[in-house]
Amino acid sequence: MSQTLDPRAAAHVSEVAVSVELQTPGMTINLGPQHPSTHGVLRLVAELDGERVVNVEPVIGYMHRGYEKLSEVRTYPQITALVNRIDWVSGFANEIPLMVAVERLMEIEVPARAQAIRLILTELARISNHLVFLSSYPLELGASTPLMHALREREHVLELIEGVTGGRFHPNFNRIGGVKPAAGGGSTQKKLAQDLPQGFLSETAAAMDRMLAICDDMDTLVTGNEIFQARTKGVAVVPPDLALAYGVSGPNLRASGVAFDLREHEDYLPYDKYEFDVVTGENGDCFDRYQVRLEEVRQAARIVSQAIADVPSGPLQAKVPRVIKVPKGETYVRAENPKGEMGYYIVSDGGRIPYRLKIRSASFSNLSILPWALKGLLVPDIIALLGSLDFVLGDVDR
Amino acid sequence: MQARGQGLFKGMWLTLKTLFQKPPTVMYPTEKETPVPRARGVIALDPEACTVCMLCARECPDWCIYIEGHKEEQPPSKEGGRVRTRATLDRFDIDYALCMYCGICVEVCPFDALFWSPEYEYSEMKISGMLHDKGRLTDWLETVPDPPALEA
Amino acid sequence: MSEYFDQYLTVLAFGAFGAVLVAGLLGLASLIRPSNPTPAKLETYESGIDPIGGGYSQTHIRYYVFALLFLIFDVEAVFIFPWALKLESLGAFALWEMFIFIGILLMGLLYTIRKGVLKWE
Amino acid sequence: MIPLVAVEINFYLLLVLKILAITGVMLGGSLPIIFGELKISAHMQSRVGPYYAGGRWGWAQPMADGLKFFQKEDLVPAAADRQVYKLAPYLLMVSTLAVFVIIPFSPDLIAADLDLGIFFALAISSLSTLGVLMAGWSSGNKYSLIGGLRAAAQIIAYELPLVLAVIGVVIQAGTLSMVGIVEAQIDMGVPFLIGGQAVAFVIFFIASLAELNRTPFDLPIAESELVMGYLTEYSGFRFTTFFLAEYAGVVAISAIASTLFLGGYGFWGLDSALFGPFVLAAKVGILAFLMIWIRWTWPRMREDQLQTLAWKWLIPISLANIMVTAIFKVVF
Amino acid sequence: MRSGISVTTNPPEESETPSEVSTEAEAAEVSGFPDATALAERVAELAGADSWSADFGNAKVRIDQSRWVEAITDVRDGAGLHFFSFLSAVDWSNEVAVGEPLEETVEERYEILVRLSSARNNDAVTLSTDISKTDPRLPTLVGVFGGANWHEREASEMFGIEFEGHPNLSNLYLTDEFEGHPLRKSYPLLSREIKPWPGMVDVEDMPSTENTEGAAAAAVDASETEDES
């Protein structure tokens, strides 16, 4: 125990020895951690032959925050505040599987209104996440204007999320048994429950129209662009069987032609009430991964439009104990996050703190395909593939 | 399928149209956006309501609230009543450099002493300046807005 | 004849002035700018990590092929210029001649493409 | 501008005046284009762009940027080949400035109306390839090296369509002199763009985008792949030199394209001697806007696609264009 | 609002679960999770395992360490569970340096968890095996699922488990110089060791006469929170 208290343990020394042969005749180049296209601090050590990748070794861990360890000293409500920082571009969606897992263990039934609000906000988070992708992906390929156009529209979504939850990125709005309750009991501010603010439904409806419009703009600006197509079509094809074996999930998996969407199969949120299509690609190339996400924005807007048309009334919170103790047991709940399968494996021993919380994040598995997928590509294709995987380093390293 | 090269020019038409639209930029220091009433900007403290129960400091996931208090004797409210003790707040600091704006403290406060204010202009040049004391937290109390009306 | 040289003297003067301009501005900047090189600053940038191996590494032979190809075609292009100038006075004969010349050029291009020079394998 | 009237002025005095004037044109042309790039790109992206520097619209932003770079530390990396590293910006500036020599602003307003004219311009502008290659190689940085090689490969690939597109114009005008080419267009009544060289213009324009390393051919400085390509290690005013040379290049190439295809200083009904410079400036502005517009709309191509475009499409088409032009010239 | 709680009793023990299908179905109705009993039974048969459970919709099959790779291959092919979700471990430990100790004594061991799921329906199963703490080693799954590569590296550095036959079992997150295995229960959390808990400060008694209900609840809560430190 004492030898682990070495101060170096806390510091991250940058010289991670990398398992590549240094004496190769070709060029070995670092892409990252401080590189414009690695979405944060990912490092790729690429062996190049000219501009062709011979071998690549991703180095991760620069964003490792040890959430699984931190969760072992935090109560379940406190963990909620942590998990929406895992994948910060879709913070709200990260909370859902944890909440559902705890509720499942505690056998709490969430009121219909809370479920509907959760669903609406999850889909808004999905739109926001995909808009970040739609903005950054063309940027990786050299077009910076779609970035601004998509971010301009994302602002409307973030405002909606903020209007309800108070946080743009880190909503921390879910509570075990429902959504954020009225806090305290005295003053005017707190007397009111944190229900949807007035005007939310009409603003959301308007925002969804804008989302459909920006999707059309993206079609004009990006999808239809021949250079974009030339850069992405047939590039970095991920075959479906390989994607499954690597645990690639979400839009990346669907782009490879596997029509697997947890929203259809799992019942963590009442998606069965709404109509939507599971979008799949055909070839599993970068273009399909882009196209699937673009189409998913439309589908998400469709779900939200249906959901806001009929939000059930009722309480926002199930009856939960004041001090949350989770009964002894294990469960795994996964959800279709914008980036793929996000799940929490909770091992509870009956206390207020989880004995073990395994966070299964989508980006980690999605990224693990890199060494395989990057072989034989050109340097510009590295960027095309990296961008199309839509990962966030916080989601990779946790 | 469209003709080859057509997509390039459709995109150019779109950017040209955007060129003549008014940008949605808010010119920040001169113009200001009004955050939504629920926005979690900063935590305001009502020191009168605080009973030094330590609940917020204990529930804080980041351990960023520092509270000290002492007990004071109060004269009985009724003639001949018993002398009551009352906890008085001496120190209430929130380290905003550590705070992750989860709002657990505001929620758990049983006496309504903590409030969210959408105020956001409190950046500091030094990280130590982010430790806000009781006085500063109390000053924010007047920026706390009324809660928004709810959707029916 | 002197006018002819004057013209190129102008060109030369312009070129020289370009160099003087850069030197002058750099010199002027050196008066104001700080100069405090430290080993860390002088290190080669490679995404914030110590570079692996040197910067003068082996590179793609493909670029060499393109340079060679360019050389051939550029020299051919130079031959076309005088022809283009005098085409009107030379008439149809020159036209046929050039057709044959460009035909050979195109065949050469076709050959290189068929040889797979443009494929990046 | 100095009217070059028949009064005998000392040749050397005139030379100095010319140099000062052209430097003024270079800066006076580049700075508005830099500013235009900042502002136009901003509004195309629903942004505001520079706003504060210089008061209204932030017009002084390019100058402010220049001044900022002026006082930045100038570092030569330890791994760099010092002499070559330092020489590279000179080459770039020299070639850029020398191109301006042959740009005619009006029938008489030209630094030197070389009889080789356009041929000289094409030759001297290739010198910048060398500058870029030197910058890329000497930095001792892998991004720079790849960037420099990409730049060299693409500039030589597009030099050919550029040259071949010009030949069409030369055939039609029957001269290499820049003034001669403009006069030929004025005589014909329409610029060559309308009068037969539309294909050549498109090829020339595409090739000049590649020569200038501008989107969609900005691979040498592709920031999402190579950080800043061959400019990665350059800092301070040395970087500014490259930056300035790039925009001066935009001015120069636009001016050459205007001269060759858009009728240069000539415009129907306007006196060339008086309005020539303004007509040319307007045409340069239009072309520069087109370049900016394209840059902020399109993504970047890949190295092999770029080479394929040049060798498989542009070169054969420009050769065909030469033949067609020649047939028309001889037959009609 | 927070007084009446509808917490049902703990679910039946693992071994009893199969026989109490009706209870399971009832629970499923209440909490809305799918009944995984049938799947668990089927997978257990495929894997040749005798112990399995299906609590809380989590089909969990225990596999003997000796049959680890082949059992998982069989499950993958037999049950059509081609999607590799994750691989991780649980450190079952009676003494902990972080968090709360277990309520009852357990056998000291590492439990490896592998989650597989189908890509067609909601079939998903957790496969687990126990390995000893003295010599934590297990054959690698890289040959079965390519994605196991990174997950095993993670488990290896976080728990110190050796995956035999793994192509490159180097650290994924931590530096090579890093000593210790952070997710082991014996590994302390530095941030919580070096800083005193602000909630520890001695406070005066609650003015319980003034605000009975809330204060009482708060006091209860506070006393419980102190356990944490």
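In this predicted model, Phe133(A), Tyr137(A), Phe228(A), Phe287(A) and Tyr290(A) are joined by ring pairs into a cluster. Over all chains, the count of aromatic pairs comes to 41. One of these is formed by Phe69(D) and Phe239(D), whose ring centres lie 5.3 Å apart with 50 degrees between the planes, a tilted arrangement. Phe69(D) belongs to helix H2 (residues 61–70) of chain D and Phe239(D) to helix H10 (residues 236–261) of chain D, so the pair ties together parts that are 170 residues apart in sequence. Phe239(D) is buried, at a relative accessible area of 14%.

Charged side chains provide a further set of links. The whole structure contains 54 salt bridges over all chains. In chain A, Arg298(A) and Asp219(A) meet at 2.8 Å, N to O. Because Arg298(A) lies in helix H12 (residues 286–309) and Asp219(A) in helix H7 (residues 200–223), this bridge ties together parts that are 79 residues apart in sequence. Arg298(A) is buried, with a relative accessible area of 17%, whereas Asp219(A) counts as partly exposed at 24%.

Helix H12 of chain A also carries Arg293(A), which forms a salt bridge with Asp390(A), the closest N and O atoms being 3.4 Å apart. Asp390(A) sits in the loop between helix H15 (379–389) and H16 of chain A, 97 residues from Arg293(A). Both partners are buried: Asp390(A) has 5% relative accessibility and Arg293(A) has 0%.

Helix H16 (residues 393–397) of chain A holds Asp395(A), which is buried yet has no salt bridge. Leaving aside neighbours within four places in sequence, the contacts of Asp395(A) include Lys339(A), Met342(A), Ser361(A) and Phe364(A).

Chain A also contains an open sheet of three strands in the order S1-S2-S3, with antiparallel pairing. Strands S1 (27–31) and S3 (52–59) stand at the edges with a single partner strand each, so one side of each is left without a neighbour in the sheet. From one strand to the next, the twist averages 20 degrees. Strand S2 (residues 43–49) of chain A pairs with S3(A) over seven bridges, and Glu47(A) stands opposite Asn55(A) in S3(A). Helix H6 (residues 142–173) of chain D lies across S1 and S2 of chain A, running at about 110 degrees to S1(A).

Key. Residues are numbered from 1 along each chain as its sequence is written. Chains are lettered from A and ligands numbered from 1 in the order in which they are written. This is a predicted model: local features need pLDDT of at least 70, side-chain atom pairs count only at pLDDT 80 or more; totals for chains, interfaces and linings use all residues. Side-chain values use heavy atoms; hydrogens and water are left out. Helices (H or I, at least four residues) and strands (E, at least two) are DSSP runs, numbered from the N terminus. Buried means under 20% relative accessible area, exposed over 50%, partly exposed in between (1.4 Å probe, protein chains only). Lys and Arg count as positive and Asp and Glu as negative; His and the chain ends are not counted. A salt bridge is a side-chain nitrogen of Lys or Arg within 4 Å of a carboxyl oxygen of Asp or Glu. Contact means heavy atoms within 4.5 Å. Two strands pair if DSSP finds at least two bridges between them. Axes are lines fitted to C-alpha atoms, for helices over the stretch in contact, and angles run from 0 to 180 degrees between N-to-C directions. Rings of Phe, Tyr and Trp (its six-membered ring) pair if their centres lie within 6.5 Å; planes under 30 degrees apart count as stacked, over 60 as edge-to-face and the rest as tilted.
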